[in-house]
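Subject: Structure handover

Hello,

Here is the structure for you to look over. My notes follow below it.

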Amino acid sequence: MPPLAVGPQNPGGDDNDDGRSGTAIISKTKTRTKRPNLYRVLLLNDDYTPMEFVVHVLERFFNKNREDATRIMLHVHQNGVGECGVFTYEVAETKVTQVMDFARKHQHPLQCVMEKN
Ligand code: TYC
């Protein structure tokens, strides 16, 4: 016995059933991967924060080894600003907050900011 009539939107049917007995529509959903916006996290130079503290910040919060941390710190010292890393919005925001809290706790005026890449 043939199936009872089904409407144009195929009520009651599954997605691969066009309502005609013995036939099916195979649909494929396209995967669309969106690249996230990225943000640079920057350290700013000042006259008071000890160089060793900045190196420690780069090791602790940006997972730099001592050599890279020293290179970045000296770049900031000489140029006024330097990049610690590039992250998604939430990660960048967390890094900035962690660095600012840590600097405040140790009473250093070190500033850390983020900017859209
Ligand atoms: N200019 C600081 C000094 O001479 C060192 C320093 C480097 C401070 C980098 C901040 O982001 C900074 N003690």
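First, a convention: helices (H or I, at least four residues) and strands (E, at least two) are DSSP runs, numbered from the N terminus. This is a predicted model, where local features need pLDDT of at least 70, side-chain atom pairs count only at pLDDT 80 or more, and totals for chains, interfaces and linings use all residues. Residues are numbered from 1 along each chain as its sequence is written, and side-chain values use heavy atoms, with hydrogens and water left out.

Two loop residues

N63 is in the loop between α1 and α2. Its phi is positive, about 55°, although N63 is not a glycine. Q107 has a positive phi too, about 60°, and is not a glycine either. Q107 sits in the loop between α3 and β3 (111–116). For context, most residues other than glycine have a negative phi.

Are these two buried or exposed? Buried means under 20% relative accessible area, exposed over 50%, and partly exposed in between (1.4 Å probe, protein chains only). N63 has 64% relative accessibility, so N63 counts as exposed. Q107 is exposed because its relative accessible area is 74%.

Overall layout

The protein has 3 helices and 3 strands. From the N terminus on, the order is β-α-α-β-α-β. The protein has 117 residues, and 26% of them count as buried. It exposes about 8,800 Å², with 50% of that supplied by carbon and sulfur atoms. Accessible areas come from the Shrake-Rupley method with a 1.4 Å probe; for residues, only the protein chains shown count as cover.

Contact here means heavy atoms within 4.5 Å. Take the contacts between residues at least 6 apart in sequence: 65% of them join residues at least 24 apart.

The ligand

Which residues are around the ligand? They are L43, L44, N45, D46, T49, M51, V54, M73, V76, H77 and L110. A residue is near a molecule or strand if one of its heavy atoms lies within 4 Å of it.

β1 (38–44), α1 (51–62) and α2 (66–79) each give at least two residues to this shell. The largest share, 3 residues, comes from α2. By class the shell has 7 nonpolar, 3 polar and 1 charged residues. The classes are these: Ala, Val, Leu, Ile, Met, Phe, Trp, Tyr, Cys and Pro count as nonpolar, Asp, Glu, Lys and Arg as charged, and the others, Gly among them, as polar.

Next, the polar contacts. Each is a pair of N or O atoms within 3.5 Å; within protein, one must be able to donate a hydrogen and the other to accept it, and residues adjacent in sequence count only if both atoms are side-chain atoms.
- N45: a polar side-chain atom lies 2.8 Å from a nitrogen atom of the ligand.
- D46: a polar backbone atom is 2.7 Å from a nitrogen atom of the ligand.
- H77: a polar side-chain atom lies 2.9 Å from a nitrogen atom of the ligand.

Taken alone, the ligand exposes 350 Å², and the protein buries 89% of that.

M73 is one of the shell residues. M73 belongs to helix α2. It counts as buried because its relative accessibility is 7%. Leaving aside neighbours within four places in sequence, M73 is in contact with M51, V54, V55 and L58. The C-alpha atoms of M73 and L44 are separated by 9.6 Å, and the two residues are 29 apart along the chain.

Aromatic pairs

How many aromatic pairs does the structure hold? There are 4. Rings of Phe, Tyr and Trp (its six-membered ring) pair if their centres lie within 6.5 Å; planes under 30 degrees apart count as stacked, over 60 as edge-to-face and the rest as tilted.

The ring centres of Y39 and Y89 are 5.2 Å apart and the planes are at 80°, so this pair is edge-to-face. It links distant parts of the chain: Y39 in strand β1 and Y89 in helix α3 (residues 89–105), 50 residues apart. Y39 is buried, at 13% relative accessibility. Y89 is partly exposed, at 41%.

F61 and F102 also form an edge-to-face pair, 5.4 Å centre to centre with 75° between the planes. This one joins helix α1, with F61, to helix α3, with F102, across 41 residues. F61 is buried at 11% relative accessibility, and F102 is buried with a relative accessible area of 8%. Ring pairs link F53, F61 and F102 into a cluster.

Best wishes
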